[in-house]
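Hello,

Here is the structure I said I would pass on. My notes on it follow below.

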Amino acid sequence: MKKNLNGRIALIVAVLLIFIYGIFGIPSGFTGKALLASITQRIHLGLDLRGGAHLILQVQVLEAVSQETDDIAGQIQQSLKAASLTFSQVIKPDPKKPEVIQIQGIAPGKSSDVRSLLDSKFSNEYDISGGSDNNFTLTMKPPIEVALEKKTVQQAIETIRDRVDTLGVSEPIIQEYGLGENQILVELPGVEDLDRVKSLIQETARLEIHPVISGPFQDEQAALASVAGNIPPDEEMLHGSGQMASGSDADSVFILQRVPIVAGSDFRSADPSTNPNTGQRNVTFTLTNEAGDKFYDYTSQNVGHSMAVILGNRVREVANIKSAIRDRGEIEGSFSQDEVDILSKMLRTGALPASLVYLEDRTVGASLGADSIKEGVTAAVVGVLLVMAFMLIYYRGSGVNADLALFLNLVILLGFMGFSGATLTLPGIAGVILTIGMGVDSNVLIFERIREEVRAGKAPSAAVDQGFAHAWVTIIDTHVTTIVSAAILFVFGTGPVKGFAVTLTFGLAANLFTAVYVSRLIFEAHLNRLKPGELVSI
Amino acid sequence: MELFRTVNVDWLGKKWYFLGFSLIFSIAGICSMGWHWTHPEGGLRSPVPLGVDFRGGTEVQVQFAQRPDLDAIRQAINAAGIRDARIQTFNDPALNEVLISLPEQHNENALDAGRQQIVDTLRAHYNNHFENSGVKVDVVGPTVGKQLETKAAMATVYSLAGMLIYLWFRFQLIYGVAAVVACFHDTLITVGFFALTNQEISLTVIAAILTLIGYSMNDTIVVFDRIRENLRISRRESLPDVVNRSINQTLSRTVLTSGLTFITVLSLYVFGGQVLKGFSFALVVGILIGTYSSIAVAAPMLVAWQQWRAEKGSTAAVLPAAKRSKA
């Protein structure tokens, strides 16, 4: 009885076309080069194949917590003074636990006053305890601490992303690293000079304001000429450019005092705003308490002088001191909206409240990556050819069946990779090779069973039916166990191992389709054309 | 073409040979692991050499344009004040690659110092003779190394637990235990081979080992499936006979599928390059041993268990046919 197979054939052809699209997209041409270009666009290569740098950094979040509590300690002191409540000191008793603040030496009898003052101002974020022995302890509430730590990590990520942008790296990855606490993963494809990258990333932590001695000069000679060729030891020369620094985009040189007024962690935040009186756009920033004092001292003594904002060792902006500034200030100028945004972003991203420690770095050179691709693909091609040849020799006509299914399997697998945007790593290529070997297993299972049934005397179509029916359960068993293994590897593995798990899973899933549905179809097409009495070629 | 038309081998009769074979390799592996344990490298105790993923430390792999002079390199590195560096050639001699490794840095703030010094020294002395793009660097600090160890251990435990549960669900418990014992046997011998050949275990090698556990499990399941089917059909044959027949019936399938997978993995070992060497070695050994264990370890264990129980008098030497969801 001949079955109508056209519907099923159409389905398989449709699947084939869809996944070919997944691999190539719509190629610009059909030459080898054009096809290769479209593949590399669709399928992402991992660092071990493309070359590049991989860094894991840990954000020292306790520093941020410490900053915050230092600030609060200052505020407590001010509030107590303002309310005329005496105390001997406000300290952080344990440097390893920066979330704890202690107020010592409260005047006896004033405990309840102090308590109510603390409650009114700080009870939202701190747990307040004590009072019996003239001491109070404030502990940052755990949810607040966790939120602060998360925010610090996010800020660090933003900062790093901005800096990395200036490198012009294509498709950088900067994200939280799930396997550890407060860790950031940075992957920069194509970057080979790790030193430059690392210094750039670490430089983001430093934002400084220096007093300007003189400038802008056209170049270093002009600057030297102004000091008769000798820069005094407590001054330094720095380059800068841009509207806000020298008024033009040309590179200029400034002479600044070496020691900054405020720097780095002295800044707490920066935001764009508008001056209500003049309508001019400016940037408001806040400093920490300690830094605020420093800044006040300096600015009140230096009205009319200029100071320079330095980021990444370059002068970014020169501002005139109009009046004394404490911890909240405005940087003024006739800024455009863009300039204001850039400046405040710069101030904000420059204000990294915690330092970064490198936990791991790996680089793979591009030529090594290319070698890996070559080796992986060679191994895959050899493997595929050997397997296909074997199937043809051992199973004759049915071997063609298996080879077609294998080919379709590979197309679907690569198409999956293209569609899902998954990354192909070197172990991923190994996963493809393993899929070939394990995939063809399913065909062997079915064919062996069919041979048994034929030997037991069954008619061809019955033999084929029985073959598929019996083998089905075992095929499911073997595929499910391996896919479960792969899933566990995906959850617990790092980048390259994840790539392996992905190709293995996709490949086995594709194999379930090709080994059973497609092979079956090819058999039935073959059976349709058998003359009565003729046997299946297997 | 057919290789296994009528096979009638008495597998269970050979079980003592199998046991001997397994014991030889297991003991060789264990001895080698013991040796590695008592000869710790760079202060880290481990039964098998560990890759930089777990061990931590710095590894700089450089490809030179001409054959590198190891002594000159060593002198340069020492002169730069770099301590405890290990310098060796690496990979195919034609590629002129050198591997320089430093032990783990406990101070993470200085993590990168070693790498920088090495690269600077090499650059100063060899200047244009090595290309930046032919360099591979791995610097791993203690925090990350520890995290990775934990994750690898958890992955292994979950894998094995998952297997055991799955087998328990599909077969009776004794089948599951026999299969898991076979898997332990496979893992032990594979890891033993790494110890014997002094190869490093990295995270990708662990991935390979987990994969081959799954693979060995597959193989064992196929044999068990057939045993169960045959038990259902003939209740009067003795157990060893049924098991022998089952193995013979599935032999064709087992050898062929393992053979095909083995071909692909061998291709990977030969052509796949240095980075995957450990991974492909694990798979090559693992597939061979995994196939062997389904026939030589899991099946005899099943029979031995039942015969032991029969001798105790509780039941006849018949294996439980177990549940099966669909015929």
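**Contact between the chains**

Chain B puts 59 residues in contact with 63 residues of chain A. Please keep in mind that this is a predicted model. On the side of chain B that touches chain A, at least two residues each come from strand S4 (130–140), helix H5 (142–170), helix H7 (203–233) and helix H8 (239–271). H7(B) has the largest share, 13 residues. By class, this side of chain B consists of 29 nonpolar, 21 polar and 9 charged residues.

**Nonpolar cores**

The largest nonpolar core holds 182 residues, and the members that touch the most others are A:Ile184 and A:Leu489. Helix H11 of chain A (residues 366–420) contributes 18 residues to this core, the most of any element. Leaving aside residues up to four places away in sequence, A:Leu489 touches A:Val497, A:Phe500 and A:Ala501, and also B:Ala155, B:Ala207 and B:Leu210 in chain B. There is a second, separate core of 22 residues, with A:Val212, A:Ile213, A:Val262 and A:Ile325 among them.

**A helix pair in chain B**

Helix H6 (residues 173–196) and helix H9 (residues 277–311) of chain B cross at roughly 145 degrees, with their axes coming within 8 Å. The crossing of H6(B) past H9(B) is right-handed. Residues in this contact include B:Ile174, B:His185 and B:Phe193 from H6(B), and B:Gly286, B:Gly290 and B:Trp305 from H9(B). The contact of H6(B) with H9(B) has 16 nonpolar residues, 6 polar and 1 charged.

Regards

How values were computed: Residues numbered from 1 in each chain as written. Chains lettered and ligands numbered in written order. Predicted model: local features only at pLDDT ≥ 70, side-chain atom pairs only at ≥ 80, totals over all residues. Core = buried A, V, L, I, M, F, W, Y, C linked by C-beta atoms within 7 Å. Buried ≥ 20, exposed ≤ 12 C-beta atoms within 10 Å, placed from the backbone. Helix = DSSP H or I, 4+ residues; strand = E, 2+ residues; numbered from the N terminus. Contact = placed C-beta atoms within 7 Å. Nonpolar A, V, L, I, M, F, W, Y, C, P; charged D, E, K, R; others polar. Axes fitted to C-alpha atoms, helices over the stretch in contact; angles between N-to-C directions. Left-handed = near helix turned anticlockwise from the far one by under 90°.
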